[in-house]
Structures are given as C-alpha cells and as structure tokens.
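Hi,

Here is the structure I said I would pass on.

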Amino acid sequence: MNKKLQLDSVRVKKVQFGAETTLTDGILTLNKEEPESVNLT
C-alpha cells in the first residue's frame, strides 16, 4: 500500500465554536467535543 501525505496551508481569519468543525470563507468553526473523540494512536 502506497500512502502519501499532503500538506496545505489556509488563511484563518476567525476561530469560533459551533455544532461541527468546518472551515468556510476563512472562518474556522470548532466543535468542542470533537477533539476528545479522536483516536490518535
């Protein structure tokens, strides 16, 4: 299996909390509970 990592950068004008994690028109909306449910191992 061949895997590739792609790195991109985006401009974030504003960060706020909301119902879901999204990036729209430079506004990053974060769901407070979502990072706790991500398994990083």
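A salt bridge here is a side-chain nitrogen of Lys or Arg within 4 Å of a carboxyl oxygen of Asp or Glu. Accessible areas come from the Shrake-Rupley method with a 1.4 Å probe, and for residues only the protein chains shown count as cover.

Keep in mind that this is a predicted model, where local features need pLDDT of at least 70 and side-chain atom pairs count only at pLDDT 80 or more, while totals for chains, interfaces and linings use all residues. Residues are numbered from 1 along each chain as its sequence is written, and side-chain values use heavy atoms, with hydrogens and water left out.

So, the patch. Val-10, Val-12, Val-15 and Leu-23 make up a nonpolar patch on the surface, and their accessible area together is about 340 Å². I'll come back to two of its members once the fold is laid out.

The fold

(Helices, H or I with at least four residues, and strands, E with at least two, are DSSP runs numbered from the N terminus.) The three strands form an open sheet in the order 1-3-2, with mixed pairing; two strands pair if DSSP finds at least two bridges between them. Strand 1 and strand 2 (22–24) are the edge strands, each pairing on one side only. From one strand to the next, the twist averages 20° (axes are lines fitted to C-alpha atoms, for helices over the stretch in contact, and angles run from 0 to 180 degrees between N-to-C directions).

Strand 1 and strand 3 run parallel and are joined by four bridges; Lys-14 has Ile-27 as its bridge partner in strand 3. Strand 2 pairs with strand 3 (residues 27–30) in the antiparallel sense, over three bridges. Two residues lie between the strands in the hairpin of strand 2 and strand 3, and Asp-25 takes a positive phi near 50° there.

Back to the patch

Which strand holds Val-15? Val-15 sits in strand 1 (residues 14–17). Val-15 counts as exposed because its relative accessibility is 52%; the cut-offs are under 20% relative accessible area for buried, over 50% for exposed and partly exposed in between (1.4 Å probe, protein chains only). Leaving out residues up to four places away in sequence, Val-15 touches Leu-28 and Leu-30, where contact means heavy atoms within 4.5 Å. Val-15 and Leu-30 are 15 residues apart along the chain, with 7.5 Å between their C-alpha atoms.

Leu-23 belongs to strand 2 and has Leu-28 as its bridge partner in strand 3. At 42% relative accessibility, Leu-23 counts as partly exposed. Apart from neighbours within four places in sequence, Leu-23 is in contact with Val-10, Val-12 and Leu-28.

The chain as a whole

Of the chain's 41 residues, 7% count as buried. The chain exposes about 4,400 Å², and carbon and sulfur atoms supply 52% of that. Among contacts with a separation of 6 or more, residues 24 or more positions apart account for 0%.

Cheers

Conventions
Patch = residues over 30% accessible without salt bridge, like charges linked within 9 Å, V, L, I, M, F, W, Y side chains within 5 Å.
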